[in-house]
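Please report on the strands, helix packing and chain contact of the model below.

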Amino acid sequence: MIWYIARRILYLIPTLLVVSVIAFAVIQLPPGDFLASLISKAEETVDQAQVDALRERYGLDEPIYVQYWKWISGIVLRGDFGDSFEWNRPVSDLIWERLGLTMAISLFTLAFVWIVAIPIGIYSAVKKYTIGDYLVTVIGFIGLAAPNFLLALVLMYIAFRYFGQSVGGLFSPEFIEADWSLERVLDLLSHLWLPVVILGTAGTAALIRVMRANLLDELSKLYVDAARARGLSELKLLFKYPVRVALNPLVSAMAWIFPALVSGSAITSIVLNLQTTGPLLYRSLQAQDMYLAGSLILLVSVLTIIGTLVSDILLAWIDPRIQLQ
Amino acid sequence: MQPIHTRLDDNDAQDDEVLLDVKDVKTHFFTDEGVVKAVDGVNLSLKRGQTLCVVGESGCGKSVTARSILRIVPPPGEIVSGAINFRQRDGGTIDLATLNPKGREIRRIRGGEISMIFQEPMSSLSPVHTIGSQIIEAIQLHLPVSKGEARKQAVSMLDLVGIPRPGEQLDAYSFELSGGMRQRAMIAIALACEPQLLIADEPTTALDVTTQANILDLIRDLQQASGMSVLFITHDLGVVAEIADEVVVMYLGRDVESGDVDSIFHDPKHPYTRALLQSIPRYDSRQSRKLYSIKGTVPHPFDRPSGCPFHPRCDDFIAGTCNTIDPARQLISPGHSVRCLLYADANAGEQVPVNSAGTQDMDMSN
């Protein structure tokens, strides 16, 4: 197991190198650069000498491979992700600032999705083709089909109109700049449910379908009959055998959650005015803020690879049929 | 020889020796397309310590009969009528057909008094649990023993069914074992609580021939040692000849002929039984002879023939009779019954080629 993990981590290095090159290249693809988009927004005309001076200061006059080298060597050698042009601050500060809340929202969302979807999926499979199953299916499809940002707008309206809650953001106005305290945490929790429900709805609906399908496959297997034939009660039987086997594929799906931590739900986060990394990535791409965008994309890639590794290890741990070689 | 034409009365299986008595059980599946009468009036009776083989083509209701006894018929299947009288260890008789299929009572009998092994040992063990955990589970469900004690018993069960290095194999997963070993493990689970009855639903069909023989020997040895009864479902008449005491031949959800193994093999009455026996490939002098097969196929369950359900495929079909009258069970000789209009009272003596060479007669007519 240890060797397996070590080898997988070793493979990470070349993968990330390639990813970083691609990420950097993709950012350079659109015509123009950060300065061009800055100038286009500027109110007064900027003379060419000034532009050249800025271009030199930002290092934008150098060839791409030199820019890339500056960026990647800074990351590898000094842990320095460069500075954001737009924010005029180190990229790492910007990301760290938002990563905590991003993770909090994502993990709460994940917990919400699993806690809601798995029991409903099990119910739906066991009571196949009953009214309850159809009801769950219809609600699930609506949840799947409704765009998140629309759901966000509707729920924000309801929360504001009928519950008088300050919606948008993760804190009430008086807590935004406050230091961490018990009140601030409680305030956070009272705001958190909205983005968690909104972000989790589609995932919940999808997971209900997946769980239902997986479990239906397993319920008709002979080992279920065999366990029933030795006198096991229906409930114990259900959870010990088919549900256990049906959960395995879901664990492998956990790999997708890690990249979504950073890049996912950008639109919803913008609508809800959440201080997460999603809107940050969106803005940096628009502004061609290349070091910030590049670093975020690199982070997404790293998390994707780590997520895959984690789910592989988890799967190997819970499913004896998987051999680590 | 004049057959004894006596209608069977319902009390023919009252003696102490009878462990299981299935009376006119009907198990129907209520699907959207219609009612599938998978089992439509089956009768069988099994004595203590004996082996009853249920034979018939695929789709004739053998497996559903077996599952009906344990009440594990999958929905939308239901037992709609009939009785399944089972003599429990404490001496009392219980009608399994009346029990709640999810209730405590039937669960006590499942695995404790009646166990079942299935056709595919590959899929009848959990893919993510060890063999041992499943045996220990079975033991602890029915016997008041500690986990450690159950584990010890599990090891000795694996040893009993001939799994080498039982202590190690207890912690093996099913995918680490061969097909034969998996079926042995299934047998170990089934017999862990010393049931009175083992239902074996084609336990050797999915195995290769040498393994089949080993598993059959194992079941027979264990039966001799424990005195349990075995209800053995198969379509392999070679297996029947080897292990059966009694035989029930099923066709379209019914017992068409039942009797002891000698009378079924040497004096088959029902045209279907004869046809089945003729279909066995043999080594004999007439090498170029084409292998006999019963004409037609088992009809679609929605398209059940009128009268005797076998009449469209029957070589002895009597027009106007077989397609209108549904034959009742009749006793041909003690312990040997048949459902066929050739033996009905009205037609007795006319067109009944009843002799021990019936099979040969059929050969000639081909």
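Which residue is the bridge partner of B:H28 in β5(B)? B:E78 is that partner. This is a predicted model, in which local features need pLDDT of at least 70, side-chain atom pairs count only at pLDDT 80 or more, and totals for chains, interfaces and linings use all residues. Residues are numbered from 1 along each chain as its sequence is written, while chains are lettered from A and ligands numbered from 1 in the order in which they are written.

**The sheet of chain B**

Strands (E, at least two residues) and helices (H or I, at least four) are DSSP runs, numbered from the N terminus. Two strands pair if DSSP finds at least two bridges between them. Strand β2 (residues 18-31) of chain B pairs with β5 (residues 77-87) of chain B in the antiparallel sense, over eight bridges. Both belong to an open sheet of four strands, ordered β3-β2-β5-β6 (chain B), with antiparallel pairing. Why is one side of β3 and of β6 of chain B left without a neighbour in the sheet? β3 (34-47) and β6 (93-95) of chain B stand at the edges, each with a single partner strand, so one side of each has no neighbour in the sheet. On average, neighbouring strands of this sheet are turned by 5° against each other, direction ignored. Helix α1 (residues 62-70) of chain B packs on the sheet and touches β2, β3 and β5 of chain B. The direction of α1 makes about 70° with that of β3(B). Angles run from 0 to 180 degrees between N-to-C directions, and axes are lines fitted to C-alpha atoms, for helices over the stretch in contact. Residues are in contact if their C-beta atoms, placed from the backbone, lie within 7 Å.

**A hairpin in chain B**

Strands β12 (residues 330-333) and β13 (residues 336-338) of chain B run antiparallel, joined by three bridges. B:L331 stands opposite B:S337 in β13(B). The hairpin has two residues between the strands, and B:G335 takes a positive phi near 85°.

| Helix pair | Axes come within | Crossing angle |
|---|---|---|
| α3 (residues 131-142) and α4 (residues 147-160) of chain B | 9 Å | roughly 115° |
| α5 (residues 91-126) and α15 (residues 290-318) of chain A | 10 Å | roughly 50° |

α3(B) passes α4(B) in a right-handed crossing. A crossing is right-handed if the near helix is turned clockwise from the far one by less than a right angle, and left-handed if anticlockwise. The contact includes B:I135 and B:I139 of α3(B) and B:A150 and B:M157 of α4(B). Its residues divide into six nonpolar, three polar and two charged. Ala, Val, Leu, Ile, Met, Phe, Trp, Tyr, Cys and Pro count as nonpolar, Asp, Glu, Lys and Arg as charged, and the others, Gly among them, as polar.

The crossing of α5(A) and α15(A) is right-handed too. A:V91, A:L94 and A:I95 in α5(A) meet A:Y291, A:L292, A:S295, A:L296 and A:L299 in α15(A). That contact has seven nonpolar, one polar and no charged residues.

**Between the chains**

24 residues of chain B are in contact with 18 residues of chain A. On the chain B side, α2 (104-109), β7 (114-117) and α3 each supply at least two residues. α3(B) gives the most, with three residues. This side of chain B divides into 12 nonpolar, seven polar and five charged residues.

Terms used: Two residues are in contact if their C-beta atoms, placed from the backbone, lie within 7 Å.
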